[in-house]
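This briefing goes through one protein model, topic by topic. Please look over the sequence and the structure before reading the notes below.

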Amino acid sequence: MTGFQTLEQKTEHTLEEHRQIHFYLDQVEVTLDELRNGVPDREPMRRLAAQIEGLKERLVDHHESEEHGGLFQAILEIMPERRVEISRLIAEHEKMIEILEMARIYAQAGNNEDVDALCVDLGTFLEMFRSHERAEDHLLQEAINRESENTT
């Protein structure tokens, strides 16, 4: 039962981090909509660069928590056969940070001619992130269900 409580605590922590990340994602989406509507000045691009940096920092902390804070390890203890999937999720973490850093650099430059490409790239990132998060949530739910079955 102790393992389940530990996984349950890690799950609560992870869900709280996901809520915080969604706050940053929502801010980015609002600014992207503003940019898509053709705002003539550079302020939205600067704001977007700051929002991307905040999101990136939050994701770095979140990824660290999942990878080294024990969540993935707890899942592996319950479902060792999911090692390949967890390795893939960890590899995606690095890719996400790289994408955000490149987007931040473009946004910080503030060139209005880059807006369309930046919006497409960030839109693709948001889809990738949400897919990644669904895979993590599914894996976590599966681990909780299996651990619950093993304790009853």
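**Briefing notes**

Helix 4 is where Tyr-106 is found. The model is a predicted one.

**Surface patch**

- Together with Met-102 and Ile-105, Tyr-106 makes a nonpolar surface patch of about 290 Å².

**Nonpolar cores**

- The largest nonpolar core contains 23 residues, and those with the most contacts inside it are Leu-48, Leu-55, Leu-59, Leu-122 and Phe-125.
- At least two residues of this core come from each of helix 1 (2-36), helix 2 (43-68), helix 4 (83-109) and helix 5 (115-151).
- Helix 5 contributes the most to this core, with seven residues.
- Neighbours within four places in sequence aside, Leu-55 is in contact with Ile-21, Tyr-24, Leu-25, Val-28, Leu-100 and Phe-125.
- Another core, of 15 residues, lies apart from the largest one and includes Ile-75, Ile-78, Ala-135 and Ile-144.
- As background, nonpolar side chains in soluble globular proteins tend to be buried together.

**Ala-143**

- Ala-143 sits in helix 5.
- With a relative accessibility of 0%, Ala-143 counts as buried, because the cut-off for buried is under 20%.
- Once neighbours within four places in sequence are set aside, the contacts of Ala-143 are Leu-7, Ile-75, Ile-78 and Met-79.
- Ala-143 and Ala-117 are 26 residues apart along the chain, and 39 Å separates their C-alpha atoms.

**Aromatic pair**

- Two aromatic pairs are present in the structure.
- One of them joins Phe-23 and Tyr-24 edge-to-face, with 5.8 Å from centre to centre and 80° between the planes.
- Tyr-24 has a relative accessibility of 25%, so it counts as partly exposed.

**Salt bridge between helices**

- The whole structure holds 16 salt bridges.
- In one of these, Arg-58 pairs with Glu-17, and the closest N and O atoms are 3.8 Å apart.
- This pair links distant parts of the chain, with Arg-58 in helix 2 and Glu-17 in helix 1, 41 residues apart.
- Arg-58 is classed as buried because its relative accessibility is 14%.
- Glu-17 has a relative accessible area of 5%, so Glu-17 is buried.

**Salt bridges within a helix**

- Arg-36 and Asp-33 form a salt bridge through their side chains, at 3.0 Å from N to O.
- Both Arg-36 and Asp-33 are in helix 1, three residues apart, or about one turn of the helix.
- Arg-36 counts as partly exposed, at 45% relative accessibility, and Asp-33 is partly exposed, with a relative accessible area of 42%.
- In helix 4, Arg-88 and Glu-85 are three residues apart, about one turn of the helix.
- Arg-88 and Glu-85 form a salt bridge whose closest N and O atoms are 4.0 Å apart.
- Arg-88 counts as partly exposed, at 38% relative accessibility, whereas Glu-85 is buried, with a relative accessible area of 17%.
- Through salt bridges that share partners, Glu-81, Arg-82, Glu-85, Arg-88, Glu-92, Glu-142 and Arg-146 are joined into one network.

Definitions and conventions: Residues numbered from 1 in each chain as written. Predicted model: local features only at pLDDT ≥ 70, side-chain atom pairs only at ≥ 80, totals over all residues. Heavy atoms only, no water. Core = buried A, V, L, I, M, F, W, Y, C linked by side-chain atoms within 4.5 Å. Buried < 20%, exposed > 50% of the residue type's maximum accessible area, 1.4 Å probe, protein only. Helix = DSSP H or I, 4+ residues; strand = E, 2+ residues; numbered from the N terminus. Contact = heavy atoms within 4.5 Å. Phe/Tyr/Trp six-rings, centres within 6.5 Å; stacked < 30°, edge-to-face > 60°. Patch = residues over 30% accessible without salt bridge, like charges linked within 9 Å, V, L, I, M, F, W, Y side chains within 5 Å. Areas by Shrake-Rupley, 256 points an atom, 1.4 Å probe, with all protein chains shown as cover.
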